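Okay, everyone, thanks for coming. Let me put the structure up, and then I'll talk you through it.

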Amino acid sequence: MKRKNIKTKAWIAIASAFIVSLIVLNGCVESKKIADKSGAQLWAENCQRCHNTPSPASFSHGQWVTIGMHMQTRAQLTAKERDKIVAFLQQ
Amino acid sequence: MKLLRILICPLTSVLGLMAAISPAYAQQTAADSALQDRITALEQQVADQKPGESHFMVAGLTTFGYVTNKTTFTGPGAAGQIMRTNSFGDADHYELSPMLLWRHSNNLLVEFEPSFDGNTLGVNWANVTYFAAPALQVRAGYFVVPFGIYNKRLAAGWIDKLAGDPNGFDSPGTDFGIGFSGGVPLGDMKWSYDVSLTNGLQLLPDGELQNAGIADNNKGKMISGRFSLLPFSNSCLEIGVSGAHSNAGDAGSNFTSASVNMYGADINFVKSFDPILVNVKGQYNRIEVSGQTYPGQNGAPDYTFSNVSSAAFAQISLRPTGVDDKFLKNVELAYRYSSYNTPANSTWGANSHQNDFGVDYWLSWRTVLKFTYSLSHAVSTANADQGGTPGITDVSAVYLQFSVEF
């Protein structure tokens, strides 16, 4: 019975988190301060959370798009952050 | 006669002029033709190199090094036994992992990373991710189960500031399943989620856990997730909490009712206090397996123990990125304290802690030469009646390691 309760609670917790996530996905917006950030600024702030900031010269334009998608799944970047950082690295 | 002269003179002039112009005209035509050919070739070249939606690339990493190791084992009432080893690319710290990334479209990414660790050729991950919405990625396949930050973000040799890994952070590892993740803006802040449903863990006869693999051992699945908050607008601080629940017993075995609960917390702080870049990372894991009776070893009766493990690490690294000196700005000092406690009265019980000191030199943003000095101390709490080995193990190791991301 105890095990069943734990399992039920875990499912409820996960389901609640998922529902909240869906709500937030549609409801959250960034502030103007965040929206105004440049790709260079986001590159400096986010990449170094895990590793050194990459040199734009390291990869080609097409490669940066692919790496941007890879890094979005690794570091949970927002879509706008990813797009701005990739655009900066492609310059 | 005069008339004839009048007619011939202009005619000769015209013919002379034509004779003079003709080579130049021929040259011009040849030049036009060559130019046209060149333009056609360039057009073809551009057409061949147009970006397209699909893109394939190979990245990855390799880590290689040398380690000298001194292990001292002191049994109850006995003198310490010393063992020394020196080796290149020992199994725990050598890795060659090319990562294949295939962008099928702007919404679909396939990731595959085989890995050779010196002994085996394995796979770190092989999964496909669908970018369903700006803050929703759906992942399926074989991937790193979301739990904490070390395994997914920090373990790579060219990212890790120290040569080795802290002990006790292997679980829940990599598994088959589906997952959902995303980063979500929240005013000046940001939060993220990463949840998954995977085959889960398998409880072994001695109480240890391992991944069940693609041939699942029971009907239950593992629910795992990590939620994080980045409270500052410059993303310098990230605080994460993780949780997981899994049935772990083999179907039809004495462990049918066994379940595992995992809890975790992590912190990541990176900020420049000019001229020093300060980097602080930490994680705590706790694994609780429900009460079970384990089969006795070597004729001993069945036994039980509180199957709870915990692991923690705290790490700081400092790099003077703001100084002008080209050598100094590439030097990084790192220190990590880690502890790992496994269940007392199991056959593998021990309380251990480790101190790692490191000096790194960054040859580029993704190439590092590391020198790490490591000291660890472990006191066995193992059940001697079941074959566990009591005693104290001290290990000192010196690593010289090179790691590059390519």
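So, L333(B) sits opposite V359(B) in β19(B). That pair belongs to strand β18 (residues 331-341) and strand β19 (residues 350-364) of chain B, which run antiparallel and are joined by 11 bridges. Strands here are DSSP E runs of at least two residues, helices are H or I runs of at least four, and both are numbered from the N terminus. Two strands pair if DSSP finds at least two bridges between them.

A hairpin of two residues links β19(B) to β20(B), and S364(B) has T367(B) in β20(B) as its bridge partner.

Before I go on: this is a predicted model, where local features need pLDDT of at least 70, side-chain atom pairs count only at pLDDT 80 or more, and totals for chains, interfaces and linings use all residues. Residues are numbered from 1 along each chain as its sequence is written, and chains are lettered from A and ligands numbered from 1 in the order in which they are written. As for confidence, pLDDT is the predictor's per-residue score from 0 to 100; chain B averages 91, and 92% of its residues score at least 70. For the complex, the predictor gives an ipTM of 0.85 and a pTM of 0.85.

Now chain A. It has five helices and zero strands. Of its 91 residues, 33% count as buried, and by buried I mean 20 or more other C-beta atoms within 10 Å of the residue's own, with 12 or fewer being exposed, anything in between partly exposed, and the C-beta atoms placed from the backbone.

How do the two chains meet? 38 residues of chain A are in contact with 47 residues of chain B, where contact means C-beta atoms, placed from the backbone, within 7 Å. On the chain A side, α1 (2-27), α2 (32-35), α3 (39-46) and α4 (61-75) each give two or more residues. The most come from α4(A), with 10 residues.

Let's stay with α4(A). Its 15 residues reach 21 Å from first C-alpha to last, close to the 21 Å expected at 1.5 Å a residue; the expected span is 1.5 Å times one less than the number of residues. Its buried residues include W64(A), I67(A) and M71(A). Just past the helix, Q76(A) takes a positive phi of about 50°.

Looking at L89(A), and leaving aside neighbours within four places in sequence, its contacts are W43(A), P56(A) and W64(A). The buried residues of α5(A) are covered by elements including α3 and α4 of chain A. Over to you for questions.

Terms used:
Two residues are in contact if their C-beta atoms, placed from the backbone, lie within 7 Å.
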